[in-house]
Each structure stands twice: as C-alpha cells, then as structure tokens.
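This report goes through a set of local features, from charged pairs to helix packing and backbone angles. The sequence and structure come first.

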Amino acid sequence: MEILEKAYEARSKKINKIEKVKELKNPQVAFDKLDEYAKNGYDSIADEDKKYFLKCFGIYDRVATPQKFMIKLRIPGGYLNSTQARVIGECAKEFGEDYIDLTTRAQCELRYLDIKNIPTILKRLKEVGVDSYQTGVDNFRNIMTDPLDASGFDNVLPSYELLLKLQKTFLYNPEWISTLPRKFNTSISGSFTNRCNVFGHDCCFVLAQKDGSFGYNLYLGGKVGKIAKSADIFLANDDEVVKAFESITQIFKKFGFRDNRNKNRLYFLVDAVNMSEISKAVRKYAGVDFASAGETMTKMDYNDPDHGKVQLRDGSFGVHVVVPSGVFSGSSMIEVATLGQKYGNQELRFDMEQSLYILGVKDVISLLEEELFKKYKSVNTPYFNHLIACAGTTHCPFGVIENKQDAINMAEYLDKKVPLEKGRVRMYWSACVKGCGIHGLGDIGFEGCKSKVNGQTEGGVNISLGGRLISEGVEGYTVLKSAPLRYAHLFVESLMLEYKKHKKDSDNFEDFHSRILEQYTSAFIGFMMKLGAYLRKNNIEVDFGFNAKTNTGKNEEFELFEIGRRLYYALSKKEAYSVYDRFTNVLKKEKLQDIRALVEGIDENLAQMLEKILDSKEQNRAVVFSEIESLISL
C-alpha cells in the first residue's frame with residue numbers, strides 16, 4: 001500500500017477545477033431543484049448545475065442545441081422490455097423531436113428536451129423502471145454485458161443478475177454520487193463471444209476457466225486508446241466478483257488522481273504503480289487471497305449482425321436490427337416495442353455497435369416483412385452491419401466533425417464503388433480524440449481532427465487500422481493523419497478495392513489485414529491508400545496494389561524501392577534496371593531510363609516520383625514516404 005500512497009501524494013499537490021466545483025454542494029441538491037427549474041425556466045438554473053451537477057444524474061445542457069437538454073438513460077446490460085421501450089419512444093416523440101441516439105454503452109439518449117418537461121419525462125420513465133441516475137461525469141457508467149447473456153448457445157455463465165449485484169453497490173448510494181476522480185466503466189461477460197467490447201473498460205470481468213471450473217478473469221485499466229490488462233486474478237463465484245469490484249472501486253476512489261483531469265482514469269493509477277501492486281491492493285481490500293488468473297475464454301468474434309439473426313437456447317431467434325450510426329427515433333422505438341410483443345418474448349437488447357436485438361422470435365420471416373425493416377435492415381451491407389459513430393458536432397461540444405452522417409456517407413459511397421456480397425468490415429467513427437466511437441478497436445477507425453486544404457482549415461480524420469475485439473483485444477495503429485474528410489472516402493476506397501481483390505470467400509477485413517497488410521509498414525499502407533486515390537482521380541488505369549507476399553521486412557526504404565520498381569514496370573512494361581539485389585540495382589553504373597520516353601503523356605507527378613525513388617545514384621533516392629507524398633496530393 002505504501003507505493004499507492006506515495007503515488008497519490010505525488011499527484012495530490014494540486015486538484016483540477018472540477019474537483020473544486022464538486023466541493024460547492026451535494027449533487028442531490030441540484031437534482032432536488034428540478035421541479036423548481038422546470039417551473040421557472042432555463043435562466044433560473046444555477047450555472048454550476050448546468051455545467052456539472054445535473055450531469056451526475058444524466059441531464060446534460062448541450063451548447064450545440066441551445067437551451068435544450070440531453071438525458072442519458074441507464075439501461076443495465078442493454079436489457080430492455082417492450083413496455084420500457086414504448087415509454088422511452090413516447091417520451092422522445094412527445095418531448096424530444098422524435099430523436100434517439102443509441103450508444104456504444106448499450107444505452108440510449110433523448111435529445112432536444114426543454115427543462116420544463118424533464119421532471120415529467122423522468123417520472124414516466126421511472127414508472128417503468130428506467131432512469132438516468134449517475135450516468136454522467138464522475139460516476140459509475142452503464143455496466144455492459146453480452147446482449148445474449150443467458151440466451152445464447154455460447155453463453156457459459158449468465159451474468160446479468162451478477163451485473164445487477166455490482167450495480168447495487170453504488171446506484172442511488174450517496175457515498176458514490178460524484179465522488180470518483182473520473183468516470184468508471186465496467187463490463188462483465190460469461191460468453192465465448194465478445195459482443196460487449198469486454199476488454200475496453202476500467203474494470204472487466206471476463207469468462208475464464210481454471211482447474212476445470214468456470215469463473216471470471218479480472219482485467220483493469222482499459223479506456224479509449226488502451227485495452228485493459230490482466231490483473232492476474234481469477235474470481236470463482238459471484239461473491240468473489242462483488243468483493244473484487246468493491247475493492248478496486250474503493251482503491252480508485254481513495255488513490256485515484258485528481259490533478260490533471262485528462263490523466264485521472266484508473267489506467268493512469270495502474271500505470272503509475274504497476275499492475276502487480278494494484279492486484280495486491282485488490283486482494284488486501286477485499287480480504288480474499290484470490291487465485292491467479294485462469295485461461296481467458298472470451299475469444300470468439302462477434303458475427304451475429306452478418307447473419308441478421310442468431311438461434312437462442314430455447315429454439316427461438318434473436319433478430320438483429322441494424323441502426324446506422326445509432327441514429328434512431330421515438331417512433332421506431334415504439335414500433336420495435338410493438339414487434340417485440342407481437343413476434344418475440346417482449347425482450348429487447350441494445351448492443352455495443354449502436355444497434356439492437358428483438359429476442360424470442362419464432363416467425364422470423366413474418367417479422368422481417370414488417371415496415372420497420374424497410375428502414376432498419378436485419379442484414380445490411382458489410383459497410384453498415386458493424387458501423388459505429390458517436391454524437392459529433394451536432395450534439396457534442398467536443399466534436400470536431402459532424403461524424404454520424406460522415407460515417408453513413410462513407411458506407412454509402414463504398415457500397416456503390418466497391419460492393420461486397422460477403423465480408424465484414426468494422427468501421428468505427430469518433431468525432432474527436434475522446435474516442436466515444438471506440439475508433440481504436442475498429443478494423444478501420446476514424447478519429448475526427450482538423451485538416452488543411454490549400455491553406456484552409458477544415459474537417460478531417462486520422463485513419464487507423466488493425467483494431468480487434470477478440471483475444472484480449474488489440475488497439476489499431478494510425479496509417480493516415482489529418483486526412484481531409486472530402487478525400488477520406490477515396491483513400492478508404494483504395495483499401496477496400498484491395499480487400500475485395502485479395503479476399504478469400506470467408507475472409508473478413510481482419511483476415512485480410514492479418515494475411516496481407518501486417519506485412520507492411522503503416523507508412524506504406526497510408527501511401528498506397530493515397531496513391532490508389534490519385535491514380536483513379538487522374539484516370540490512370542494501371543493494375544497496381546498490395547502484393548500478397550513481400551519480403552521487405554517492414555523497412556520503408558525497401559518498400560519505397562519496391563513500389564518504384566513495380567510501378568515503373570506496370571506503366572512501361574519494362575524493368576527500371578536489368579539486375580537487382582533485393583531492393584537495389586546491382587549494376588551501379590547502369591542509368592535509369594526516363595520513363596517519359598517510354599510512356600507517352602505520362603503523368604508528370606508520377607514521373608517525378610519514380611525519378612525520386614529509383615534515382616541511379618542511391619544517395620539521392622527517397623528513403624521514407626514523406627519525401628514523395630506531396631507528389632500524389634489530391
């Protein structure tokens with residue numbers, strides 16, 4: 001414990017401004033004034049309540065929609081019944097311009113709400129067991145679990161009831177309302193399939209097996225941009241899970257940093273003292289000498305959306321409803337509630353990809369003929385089935401780009417230009433660095449940023465590849481920085497053309513990445529995305545892309561020479577040099593023939609690029625991609 005105490009003391013000399021705001025009052029005081037605020041109007045609301053205290057109860061004053069509020073609803077595990085869904089839909093339709101956002105934490109948000117209606121909305125929701133208590137700022141956020149928990153064939157340990165036990169330790173408890181250093185995200189899954197981004201949270205309980213028994217391995221310190229790490233703790237039963245949860249949350253509350261707000265998540269505490277010290281503290285606070293970790297069993301990919309339905313244990317089906325970018329409506333929520341009653345068992349589930357399931361369906365064919373599925377498909381195209389996009393500038397003050405429609409536009413463009421009958425590509429969009437669209441875990445991730453075109457600032461994206469949800473998760477890596485949004489679809493088109501060309505029948509994008517893209521540097525991939533766009537824009541018809549096999553060893557200099565050599569031949573049908581020794585020419589006195597003499601009307605930028613890459617004098621050659629990227633600018 002001494003190491004923890006020293007780490008805390010080193011960071012406790014100064015507290016951030018939010019901690020000072022939290023000292024002003026008990027948050028409950030703000031919540032108790034809602035009726036008064038509703039009666040007296042927006043201008044009567046105390047400034048600190050608008051900026052902080054009402055957020056403790058999921059009530060957000062949104063600058064992007066002046067004098068209109070958002071309510072973030074707590075939907076434990078994404079579990080919802082038809083009655084609850086109907087009331088949520090009615091509230092959105094009556095009070096919130098018929099708009100609903102589905103989120104990556106398997107919950108939903110109502111928007112465009114007047115303060116005068118908020119007490120009424122909360123009362124109507126509470127009557128059916130739904131509220132927004134403690135869903136914002138420095139509180140425990142919605143706990144996630146497998147949406148098919150207890151119903152799916154791949155579920156070993158039903159975890160929803162255990163989730164409710166964890167939730168009971170903090171919900172409505174004054175000890176935990178706004179007392180954490182930052183937000184705290186939790187996940188628990190007893191399934192082989194990772195349907196809830198189980199490794200991407202501050203605290204993760206993941207299906208595991210040890211000595212022939214099933215339980216949960218504990219992972220800690222996940223956040224946007226970081227996958228949680230194993231705490232080397234195996235939890236054998238519900239009681240141990242609850243004790244471990246209470247222990248780590250007490251540790252975070254006591255020792256979590258409260259200075260630099262950007263570095264106050266559990267991740268930074270773990271990083272400061274190392275995981276072994278945290279694990280020792282978890283055991284000490286819990287009073288239990290937990291066993292060391294077993295084998296993590298949540299290793300399967302999440303492919304239900306590719307089929308549109310999944311058979312459940314009782315013989316019925318969970319039918320998937322794809323909601324692009326999570327943009328939903330109250331009217332559609334009411335319709336889903338009705339369909340859940342008519343065809344299912346009245347149970348609905350939200351998932352991590354901003355979509356939902358109707359459970360207990362026996363007549364799938366008749367369900368899919370209903371009007372809802374003309375707008376929200378059960379199986380969409382590979383570009384839409386796994387599409388995520390956070391709120392963006394329309395609703396979020398942190399957003400840099402619009403985001404939701406950007407994501408939809410990208411998917412529609414790719415559908416038209418590179419149609420795929422089969423396949424899977426997870427495109428995850430975040431409007432800013434905060435990463436609410438979990439872009440780092442996408443096959444292709446988009447992070448909103450500013451970009452410059454002709455000296456003018458405009459919206460752009462950092463594009464990443466290689467994120468994974470399976471096998472303890474993997475964060476992606478950046479291939480293009482500050483790509484202008486106006487061109488981003490062209491760059492991704494280059495990638496998808498290569499995926500389509502190289503994919504085997506059952507390949508998803510992750511398979512393509514593992515088999516082909518992982519052979520290359522990130523700089524090479526980014527350059528090829530730009531080069532492909534440049535060639536198409538200038539109507540230069542040449543079969544040029546990724547080789548299925550390469551031996552450049554992820555060396556940029558070698559990759560550059562290989563690109564030059566291949567492109568020179570593809571354009572001229574002649575080798576640049578007569579003899580090669582791996583990635584250079586053997587005959588040092590041999591001169592490079594000017595490709596302009598071989599290819600009539602060749603694009604001047606390509607000619608200059610090839611000269612720069614293949615210069616007869618090795619010391620004059622480009623050795624990194626940044627030296628020639630300007631020649632293929634759009």
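## Salt bridges

Helix H9 (residues 238-255) holds both aspartate 239 and lysine 243, which sit four residues apart, about one turn of the helix. The model is a predicted one. The side chains of aspartate 239 and lysine 243 form a salt bridge, with 3.4 Å from N to O. Aspartate 239 has a relative accessibility of 45% and counts as partly exposed. Lysine 243 is also partly exposed, its relative accessible area being 31%. Elsewhere, salt bridges with shared partners link Glu19, Lys22, Asp138, Arg258 and Arg261 into one network.

Are aspartate 138 and lysine 22 buried or exposed? Both aspartate 138 and lysine 22 are buried.

Another salt bridge is made by the side chains of glutamate 36 and lysine 33, at 3.9 Å from N to O. Glutamate 36 is partly exposed at 42% relative accessibility, and lysine 33 is partly exposed with a relative accessible area of 28%. The count of salt bridges comes to 47.

| aspartate 239 | lysine 243 | 3.4 Å |

## Helix packing around H19

Two packed helices are described by the angle between their axes and the distance between the axes. For helix H19 (residues 522-537) and helix H20 (residues 556-572), the axes come within 9 Å and cross at roughly 30 degrees. Angles under 35 degrees count as roughly parallel, and H19 and H20 are therefore roughly parallel to each other. The crossing in which H19 passes H20 is right-handed. On the H19 side the residues in contact are Ala523, Phe524, Phe527 and Met528, and on the H20 side they are Glu556, Glu559 and Ile563. Sorted by class, this contact of H19 with H20 has five nonpolar residues, no polar ones and two charged ones.

The loop between H19 and H20 contains lysine 554, which is partly exposed at 46% relative accessibility. Which residues does lysine 554 touch, not counting residues up to four places away in sequence? Lysine 554 touches Glu518, Gln519, Tyr520, Thr521 and Glu559. Between the C-alpha atoms of lysine 554 and tyrosine 520 there are 5.2 Å, although the two residues are 34 residues apart along the chain.

H19 also packs with helix H17 (residues 485-502), at an angle of about 100 degrees and with the axes 8 Å apart. That angle makes H17 roughly perpendicular to H19. H17 contributes Leu490, Phe491, Val492, Glu493, Ser494, Leu495 and Leu497 to the contact, while H19 contributes Ile525, Met528, Met529, Lys530, Gly532, Ala533 and Arg536. By class, the contact of H17 with H19 has nine nonpolar, two polar and three charged residues. Met528 of H19 is named in the contact with H20 and in the contact with H17.

## Buried residues of H10

Which residues of helix H10 (residues 266-273) are buried? Leu266, Phe268, Leu269, Val270 and Val273 are buried in H10. The buried residues of H10 pack against helix H1 (2-10), strand S8 (213-220), H9 and helix H11 (275-286). After H10 comes asparagine 274, which has a positive phi near 75 degrees.

## Positive phi angles

Most residues other than glycine have a negative phi. Serine 178, which is not a glycine, has a positive phi of about 65 degrees. Serine 178 is placed in the loop between H8 and strand S6 (186-189) and counts as buried, at 7% relative accessibility. Aspartate 232 is a residue other than glycine with a positive phi, near 55 degrees. Aspartate 232 lies in strand S9 (residues 229-235) and is partly exposed, with 42% relative accessibility.

Note on methods:
Residues numbered from 1 in each chain as written. Predicted model: local features only at pLDDT ≥ 70, side-chain atom pairs only at ≥ 80, totals over all residues. Heavy atoms only, no water. Salt bridge = Lys/Arg side-chain N within 4 Å of Asp/Glu carboxyl O. Buried < 20%, exposed > 50% of the residue type's maximum accessible area, 1.4 Å probe, protein only. Helix = DSSP H or I, 4+ residues; strand = E, 2+ residues; numbered from the N terminus. Axes fitted to C-alpha atoms, helices over the stretch in contact; angles between N-to-C directions. Parallel < 35°, antiparallel > 145°, perpendicular 65-115°, else oblique. Left-handed = near helix turned anticlockwise from the far one by under 90°. Contact = heavy atoms within 4.5 Å. Nonpolar A, V, L, I, M, F, W, Y, C, P; charged D, E, K, R; others polar.
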